[in-house]
Amino acid sequence: MSELRVHNFTISLDGFGTGVGQAPDAPFGHAGERLHQWMFATRFWADMTGAEGGGTGADHAFAAMHEPGIGAEIMGAGKFGPPGWQDDPEYRGWWGDEPPFRTPVFVLTHRPRPSIEMKGGTTFHFLSASPAEALETAREAAGGKDVRLGGGPSVVRDFLAEGLVDHMHVVQVPVLLGARCPALGRSGVTGGCLRHRSGLHAQWRHSPDVHRQAPVTAKAAEPREV
């Protein structure tokens, strides 16, 4: 059976996977691009965006695992667009006419709409479904390849809570956000957020890949594999 994989899932030092105040000009809210600077500096990101250069160290090696063997993606409504996008029947996602996914993408929303076929091989499908139901649908579309779980944080937590995630790559960066739901947690639910009790912890079938970024002030420091 194909696996469900999470890649490049980035959290702050205090355990947050996104910021407050998501808007059309702020996909990650007050976090801005701070959580993902590590990835923007890689060859993987340069190749994906048509730029030149980019580092080829540990960050690149981890980031590049995002692509191989993926036949479909599942994402939450918050990754597809800012709050209220369901009210715009013409809305087609953050990524322009040619999104980078190049596979079927299943968007979890309580307000499904007709599928949208984009340039480059991406087709967005909109589902109101449980995690298990969504995964079954995505696996059928993936044609034997793995399924990527693209986030956001609440969607990742939901799939972890049901024991559906086979592989998880977590990146911890030297940023403090201080607000929003913790990305991962262990115990009960309060206000829609899984509470954080013991640092970085979640349930998955195999050991997660975790790598941490050294502070940017350390000139010669390289990302440390843990």
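Student: What should I know before I start?
Tutor: This is a predicted model, where local features need pLDDT of at least 70 and side-chain atom pairs count only at pLDDT 80 or more, while totals for chains, interfaces and linings use all residues. Residues are numbered from 1 along each chain as its sequence is written, and side-chain values use heavy atoms, with hydrogens and water left out.

Student: How many helices and strands does the protein chain have?
Tutor: The protein chain has six helices and eleven strands. Both are DSSP runs numbered from the N terminus, helices being H or I with at least four residues and strands being E with at least two.

Student: And how much of the chain is buried?
Tutor: Of its 226 residues, 44% count as buried. Buried means under 20% relative accessible area, exposed means over 50%, and partly exposed is in between, with a 1.4 Å probe and protein chains only.

Student: What share of the contacts is between residues 24 or more positions apart?
Tutor: Such pairs make up 63% of the contacts in the protein chain with a separation of 6 or more. A contact here means heavy atoms within 4.5 Å.

Student: Let's take strand E1. Is it buried or exposed?
Tutor: Eight of the eight residues of E1, residues 4-11, are buried, so the strand is largely enclosed by the rest of the structure.

Student: Which strands does E1 pair with?
Tutor: E1 runs parallel to strand E6 (residues 146-149), joined by two bridges, and also pairs in the parallel sense with strand E7 (residues 167-172), over five bridges. Two strands pair if DSSP finds at least two bridges between them.

Student: Which residues face each other there?
Tutor: On the E6 side, Leu4 has Val147 as its bridge partner. On the E7 side, Phe9 stands opposite Val170.

Student: Now helix H5. How far does it reach?
Tutor: H5 covers residues 131-142, twelve residues, and reaches 16 Å from its first C-alpha to its last, close to the 16 Å expected at 1.5 Å a residue. The expected span is 1.5 Å times one less than the number of residues.

Student: Which of its residues are buried?
Tutor: Pro131, Ala134, Leu135, Ala138, Arg139 and Ala142 are buried in H5. Seen down the helix axis, the buried residues fall within an arc of 135°, so they line one face of H5. The arc is that of the directions from the axis to the C-beta atoms.

Student: What covers that side, and what is on the face turned away?
Tutor: The cover includes E1, strand E2 (70-76), E3, E5, E6 and helix H6 (153-161). The face turned away from the buried side carries the exposed residues Glu136 and Glu140. Just after H5, Gly143 takes a positive phi of about 60°.

Student: Change of topic. Where is Trp85?
Tutor: Trp85 is in the loop between helix H4 (77-80) and strand E3 (104-108). At 4% relative accessibility, Trp85 is buried. Leaving aside neighbours within four places in sequence, its contacts include Phe80, Tyr91 and Phe126.

Student: And Thr122?
Tutor: Thr122 is in the loop between strand E4 (116-117) and strand E5 (123-127), and is buried with a relative accessible area of 0%. The side chain of Thr122 reaches the backbone nitrogen of Arg102 at 2.7 Å.

Student: How many salt bridges are there?
Tutor: A search of the whole structure finds five. A salt bridge is a side-chain nitrogen of Lys or Arg within 4 Å of a carboxyl oxygen of Asp or Glu.

Student: Which residue does Arg5 form one with?
Tutor: Arg5 forms a salt bridge with Asp146, the closest N and O atoms being 3.0 Å apart. The pair links distant parts of the chain, Arg5 in E1 and Asp146 in E6, 141 residues apart. Arg5 is buried at 9% relative accessible area, and Asp146 is buried at 16%.

Student: What about Glu73?
Tutor: Glu73 meets Lys79 in a salt bridge at 2.9 Å, N to O. Glu73 also forms a salt bridge with Arg148, with the closest N and O atoms 2.7 Å apart. Salt bridges that share partners join Glu73, Lys79 and Arg148 into one network.

Student: Which of the three are buried, and which partly exposed?
Tutor: Glu73 and Arg148 are both buried, whereas Lys79 is partly exposed, with a relative accessible area of 22%.

Note on methods:
A polar contact is a pair of N or O atoms within 3.5 Å; within protein, one must be able to donate a hydrogen and the other to accept it, and residues adjacent in sequence count only if both atoms are side-chain atoms.
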